[in-house]
Amino acid sequence: MKGGGRKNLKRAIEEDNFTLEQGQSIMQVVDLRGSNLIQVMDAKGENSLAIFPAKFQKSMWIKRGNFVVVDESGREEAVESGRKVGCVVMKVLYFEQVRVLQRSAEWPEIFKSIAVENSKQDIVSQIEEDENSSDDDGLPPLEANTNRVNPFQMETESDSDTDS
């Protein structure tokens, strides 16, 4: 039996009208655990583990702070049976989809302040990058990789501690 295929995944990403079905909710990615496991935070502020299906591996990318649609219909059963993974990622929400959902009633209240703060930080960083870059060749600015610690900041902090 064949899976959905890459063509259907791309078609699902491009659809504009999106509604949550029964048992689905919007969650924010807190941490990437490896082996297709991610830690997500729900609208109540509770963290849980979710599995990122292998069919998404080469077509969808996630990082900390992204929003995903998760099927949590088996969450209670997983907790009762002692399993750690209780959710399955159904869809990764992209920037345009998040903006549309923020205006709807389906968007959780806890994420409204987070999304506003993230968008303000993105705007400030883009303005600073635009002022600093003179030769951009018409390309959009690169995003900072939030999944890695910046080694230059660590070195400057340790140098200043040893000098004093």
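1. A residue counts as buried when its relative accessible area is under 20%. Phe67 has a relative accessible area of 5%, so Phe67 is buried. Keep that cut-off in mind for the points below. Note also that this is a predicted model.

2. Start with the overall layout. The chain contains five helices and five strands. Along the sequence, they follow the pattern α-β-β-β-β-α-β-α-α-α. The chain has 164 residues, and 26% of them are buried.

3. Next, the contacts. Take those in the chain between residues at least 6 apart in sequence. Of these, 62% join residues at least 24 apart.

4. Now the aromatic rings. A pair of aromatic rings is described by the distance of the centres and the angle of the planes. The count comes to four aromatic pairs. One of them joins Phe67 and Phe111. Their centres lie 5.3 Å apart, the planes stand at 65 degrees, and the pair is edge-to-face.

5. Where do Phe67 and Phe111 lie? Phe67 sits in strand S4, residues 67-71, while Phe111 belongs to helix H4, residues 109-132. The pair therefore ties together parts that are 44 residues apart in sequence. Phe111, like Phe67, is a buried residue. The relative accessible area of Phe111 is 0%.

6. Phe111 has another partner in Trp107. The Trp107 and Phe111 rings also form an edge-to-face pair, with 6.2 Å from centre to centre and 65 degrees between the planes. Are Trp107 and Phe111 buried or exposed? Both are buried. Taken together, Phe67, Trp107 and Phe111 make up one aromatic cluster.

7. Turn to the surface. The accessible surface of the chain is about 12200 Å². Carbon and sulfur atoms account for 51% of that surface.

8. Which residues form a nonpolar patch on the surface? They are Ile51, Val88 and Met90. Together, Ile51, Val88 and Met90 have about 210 Å² of accessible area.

9. The relative accessible area of Val88 is 32%. Residues in such patches must have over 30% relative accessible area. Partly exposed covers the range between buried, under 20%, and exposed, over 50%. Val88, at 32%, is therefore partly exposed.

10. To recap, two places deserve a look in the viewer. One is the aromatic cluster of Phe67, Trp107 and Phe111. The other is the nonpolar surface patch of Ile51, Val88 and Met90.

How values were computed
Residues are numbered from 1 along each chain as its sequence is written. This is a predicted model: local features need pLDDT of at least 70, side-chain atom pairs count only at pLDDT 80 or more; totals for chains, interfaces and linings use all residues. Side-chain values use heavy atoms; hydrogens and water are left out. Patches are made of residues with over 30% relative accessible area and no salt bridge: like charges are joined within 9 Å, nonpolar side chains (Val, Leu, Ile, Met, Phe, Trp, Tyr) within 5 Å. Accessible areas come from the Shrake-Rupley method with a 1.4 Å probe; for residues, only the protein chains shown count as cover. A salt bridge is a side-chain nitrogen of Lys or Arg within 4 Å of a carboxyl oxygen of Asp or Glu. Buried means under 20% relative accessible area, exposed over 50%, partly exposed in between (1.4 Å probe, protein chains only). Rings of Phe, Tyr and Trp (its six-membered ring) pair if their centres lie within 6.5 Å; planes under 30 degrees apart count as stacked, over 60 as edge-to-face and the rest as tilted. Helices (H or I, at least four residues) and strands (E, at least two) are DSSP runs, numbered from the N terminus. Contact means heavy atoms within 4.5 Å.
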